[in-house]
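Trainee: I have a structure open and want to learn how to read it. Where do I begin?

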Amino acid sequence: MSRSPGRKQENHKISRELFVLTYGALVAQLCKDYEKDEDVNACLDRMGYSIGIRLVDDFLARSAVRKCRSYSETAEVIAQVAFKMYLGVTPSVSCSSATGNEFSLILDKNPLVDFVEELPAERASLCYCNLLCGVIRGALEMVHLAAEVSFLQDRLKGDAVTEIGITFLRKPEDRKHRKN
Amino acid sequence: MAIFSVYVVNKAGGLIYQLDHYTPRSDTEKTFSFPLDLVLRPHDERVVVAFGQRDGIRVGHAVLAINGAEVNGRFTADGKDVLEFLGNPANYPVSIRFGRHRLSSNEKLMLASMFHSLFAIGSQLSPEVGSSGIEMLETDTFKLHCFQTLTGIKFMVLADPRQTGIDALLRKIYEIYSDFALKNPFYSLEMPIRCELFDQNLKLALEVAEKAGPFGPGS
């Protein structure tokens, strides 16, 4: 988390622990507020969405990436540039459908779950990092790409890896509004 | 070298931010005796000079004040019609201030929406697919630079034709927007920007760009 304002190159770094703890406190509070896991997941997704719609302009302003011309290019940019910029990790991308509009991001390291071992028994279907899905969905929507984003596999639930699935919904149009 | 103004237009074509950074003040006040050697005519809601340009009073300048009192459109401060007043020799000698009429905020809103539409037409007319849209509009007195982000927001800067570094300035304004407007939790997207920090940082960026001058960095 660093920015370079104005003339002086000041890198304001905030402690990663603080960020991870804040996220953990957020999820814990939501668990207290809502009984059902689906509600907590939906709430995290909504919050992520409102972050994503604002974050995308920050990403585009700072990374100066060009307009993506295909879904696979978009998925690559999300994994290699955006994740790197904001979370410091680079998930690997794979295309999981013949139609070319379903992709998976495989995260081998996820800073948000640094201090979480496994989910408690009564919260078995909680998607702990669902905020990330909302962020990606919101960001894609602002560049006119509708997508469904969800966790396909989650290490916290006992799976081998953490996998985020992105399914692009609309056919690419030949117009200038394309995600980048 | 000067940057005249900055406009920010949202996705729907509505003006969400406008800043007049530098307006060349070209008001001229002079005392006249009957008969007036300028030809005046009504135009919209104002009285403008149609002919008889002299001494800094140019064709197109509007009557701004009579005898020190600001006119209200086509009427003087006390409600008399300006043209009638100036046609009556009994009112002379009279001191009239002429100058360029500044755009009202409604006019700016309309002009920004019109530019938004022209921009869309421009990209459609392009013979190549995936055109960036209008990037620059050039006249003899100013250049309008436009940058549309991938999210659909347009940043427009009107600057002196000799001013360089506007591309970098537009990118910088995008950064400032993404920082001080978007990250402000109380700012709703697509709404007029009323963030103090955005104003301050934008003015700073404009000053830096102006100081860089015509031989400045970037293109």
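Mentor: We will go from the chains to the contact and then to single residues. Keep in mind that this is a predicted model.

Trainee: What is the secondary structure of chain A, and in which order do its parts come?

Mentor: Start by counting elements, then read them along the sequence. Chain A has 4 helices and 4 strands. Their order is α-α-α-β-β-α-β-β.

Trainee: How many helices and strands are there in chain B?

Mentor: Chain B has 4 helices and 11 strands. Its C-alpha atoms fill a box of roughly 65 × 40 × 35 Å along the principal axes.

Trainee: What share of the residues of each chain counts as buried?

Mentor: The cut-off is under 20% relative accessible area. In chain A, 44% of the 180 residues count as buried. In chain B, 43% of the 219 residues do.

Trainee: Is H4(A) mostly covered or mostly open?

Mentor: First, the general idea. An α-helix has 3.6 residues a turn, so residues three or four places apart point the same way. Now the case here. H4(A) is mostly covered, with 11 of its 13 residues buried. Among them are Leu131(A), Cys133(A), Ile136(A), Leu140(A) and Met142(A).

Trainee: What do the buried residues of H4(A) pack against?

Mentor: They pack against three helices of chain A, H1 (16-33), H2 (37-63) and H3 (71-87). They also pack against strands S2 (102-107), S3 (147-153) and S4 (162-168) of chain A.

Trainee: Which residue of chain B has a positive phi although it is not a glycine?

Mentor: Asp44(B) does, at about 55 degrees. Find Asp44(B) in the loop between S4 and S5 (46-51) of chain B. Asp44(B) is exposed, with a relative accessible area of 55%.

Trainee: And where are cis peptide bonds in chain B?

Mentor: Check omega. The bond from Phe34(B) to Pro35(B) is cis, with omega near -10 degrees. Pro35(B) lies in the loop between S3 (28-32) and S4 (39-43) of chain B. The bond from Tyr92(B) to Pro93(B) is also cis, with omega near -5 degrees. Pro93(B) lies in the loop between H1 (82-87) and S8 (94-99) of chain B.

Trainee: Let us turn to the interface. How many residues does each chain give to the contact?

Mentor: Chain B gives 28 residues and chain A gives 22. The area buried between the chains is about 1,900 Å². Carbon and sulfur atoms give 53% of that area.

Trainee: How many salt bridges and polar pairs cross the interface?

Mentor: There are 3 salt bridges between chain B and chain A. One joins Asp58(A) to Lys183(B), with the closest N and O atoms 2.6 Å apart.

Trainee: Which helix gives the most to the side of chain B that touches chain A?

Mentor: H3(B) gives the most, with 8 residues. The residues on that side of chain B divide into 13 nonpolar, 10 polar and 5 charged.

Trainee: Finish with one residue. Is Thr151(B) buried or exposed?

Mentor: Thr151(B) is buried, with a relative accessible area of 0%. Look for Thr151(B) in the loop between S10 (143-148) and S11 (154-159) of chain B. Its side chain makes a polar contact of 2.8 Å with the side chain of Asp57(A). The side chain of Thr149(B) is another polar partner, at 2.8 Å. Thr151(B) also touches other residues, including Met142(A), His144(A) and Tyr174(B).

Definitions and conventions: Residues numbered from 1 in each chain as written. Chains lettered and ligands numbered in written order. Predicted model: local features only at pLDDT ≥ 70, side-chain atom pairs only at ≥ 80, totals over all residues. Heavy atoms only, no water. Contact = heavy atoms within 4.5 Å. Buried area = accessible area lost by both parts, 1.4 Å probe. Salt bridge = Lys/Arg side-chain N within 4 Å of Asp/Glu carboxyl O. Helix = DSSP H or I, 4+ residues; strand = E, 2+ residues; numbered from the N terminus. Nonpolar A, V, L, I, M, F, W, Y, C, P; charged D, E, K, R; others polar. Buried < 20%, exposed > 50% of the residue type's maximum accessible area, 1.4 Å probe, protein only. Polar contact = N/O pair within 3.5 Å; in protein donor to acceptor, adjacent residues only side chain to side chain.
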